[in-house]
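Here is a short briefing to read alongside the model. Please keep the viewer open as you go through the points.

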Amino acid sequence: MATTPSALAAAPAQAAAAAPRCAPAWRAPAGVLLVGIVACALMPDQLGLMTRIFITALFVLSLDLVVGIAGLATLGHAALFGMGAYAAGIFALQVHPDPLVGLVVGIAAGAGLAVLSGAFLLRFQGFTFLMLTIAISQILLSLAQKARRWTGGDDGLSGFVMGPVLGRFEFDLEGRVAALYALVVLVVLFYVARRIVDSPFGLAVRGIHENRARMAALGTPVFARLWVLYTVAGAMAGAAGALSAQTNAVVGMDSLSFALSAEALVMLILGGAGRLTGALVGATVFTVLHHTAASINPYHWLFVVGALLMLVVLVSPAKAWAWLRRRAGGVR
């Protein structure tokens, strides 16, 4: 059968209509900004909790780049967070209290540690990589304990007072500036992460996650791609650590602990790995659950978290979201 000119002209239009539509990269960050502002306005007495949620969400978001996008199982991600926290705290105490400059210092510290450790860690895979990430975190924890002159040791790093944001907005006792500051940084870095993941570079990393051998056979520089993404994740984790140090005015040894890495991984599992928004949802659910359950019963709140984890294992977040979308759309 001969193909008519009209059919040839209609083919590109049909192909364009059949192609999947990707939401703009700014849409999800704009939604997070709107939800965050509304939550702060409706709960002015819970601004401290809001700040903690925003910082934790940024930390879990950085973990999602490593685990969900790149497929690298890690239990030492707190090393990057703690590095940013101590760098920002020491900078504020010893050099200058400006929050934005300290934030850049924390980002640079997290990225620097990721560059150095990633050059070694990313040569391994699977269980070996997992154990080595724990080892790096424990080494840093030991160094922080011994360098008491700089880190305060087990007593923590304190005694620094942050200057006003942009030279105008001072950190108030109610926590308004801290909450909005953390929210804006979260939204900006969420947008950056979304652009990276949706780019050809991000698609290549997803391909490495799916089948590393095939991507290498296609000529993709696997190590270089993973190294760059690991560095970006380190920068974001360092930013979260810097925000934690600046808004709390103290840096404790728990910022480098194994427990923090494990909790972040639990939050990512709760929200669903590999979608970025799942990291924000998981961090919010876990932090609110922790705050609520611990206030009701500080000794048995982990029982609630354990039950929720069992539910997530039995019903994955992807299936739960699909079911909710069907219900919302009226599809049976």
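**Around L61**

Leaving aside residues up to four places away in sequence, L61 touches L189, F190, A193, M236, L276, A279 and L280, where contact means heavy atoms within 4.5 Å. This is a predicted model, in which local features need pLDDT of at least 70, side-chain atom pairs count only at pLDDT 80 or more, and totals for chains, interfaces and linings use all residues. Residues are numbered from 1 along each chain as its sequence is written, and side-chain values use heavy atoms, with hydrogens and water left out.

**Overall make-up**
- The secondary structure of the protein comes to 15 helices and zero strands; these are DSSP runs numbered from the N terminus, with helices being H or I of at least four residues and strands E of at least two.
- Among the 332 residues of the protein, 45% count as buried (buried is under 20% relative accessible area, exposed over 50%, partly exposed in between, with a 1.4 Å probe and protein chains only).
- Of the contacts with a separation of 6 or more, 77% are between residues 24 or more positions apart.

**The core**
- The largest nonpolar core has 87 residues, and F54, L58, L61, L65 and L243 touch the most other members. Helix α3 (residues 47-69) gives the most to this core, with 16 residues.
- Such a core is a set of buried Ala, Val, Leu, Ile, Met, Phe, Trp, Tyr and Cys residues joined through side-chain atoms within 4.5 Å.

**Helix α5**
- The 23 residues of helix α5 (residues 99-121) should span 33 Å at 1.5 Å a residue, and the end C-alpha atoms are 31 Å apart, which agrees; the expected span is 1.5 Å times one less than the number of residues.
- The buried residues of α5 include P99, G102, G106, G110 and L121.
- Those buried residues pack against α4 (78-94), α6 (126-146), α8 and α11 (222-248).

**Surface features**
- A nonpolar patch on the surface is formed by W26, V184, V188, Y191 and V192, with about 450 Å² of accessible area together (Shrake-Rupley method, 1.4 Å probe, only the protein chains shown counting as cover).
- Patch members have over 30% relative accessible area and no salt bridge; like charges are joined within 9 Å, and nonpolar side chains (Val, Leu, Ile, Met, Phe, Trp, Tyr) within 5 Å.
- V184, found in helix α8 (residues 176-198), is partly exposed at 45% relative accessible area.

**The salt bridge**
- A search of the whole structure finds one salt bridge, defined as a side-chain nitrogen of Lys or Arg within 4 Å of a carboxyl oxygen of Asp or Glu.
- D155 pairs with R148, the closest N and O atoms being 3.1 Å apart.
- D155 is exposed at 62% relative accessible area, while R148 is partly exposed at 45%.
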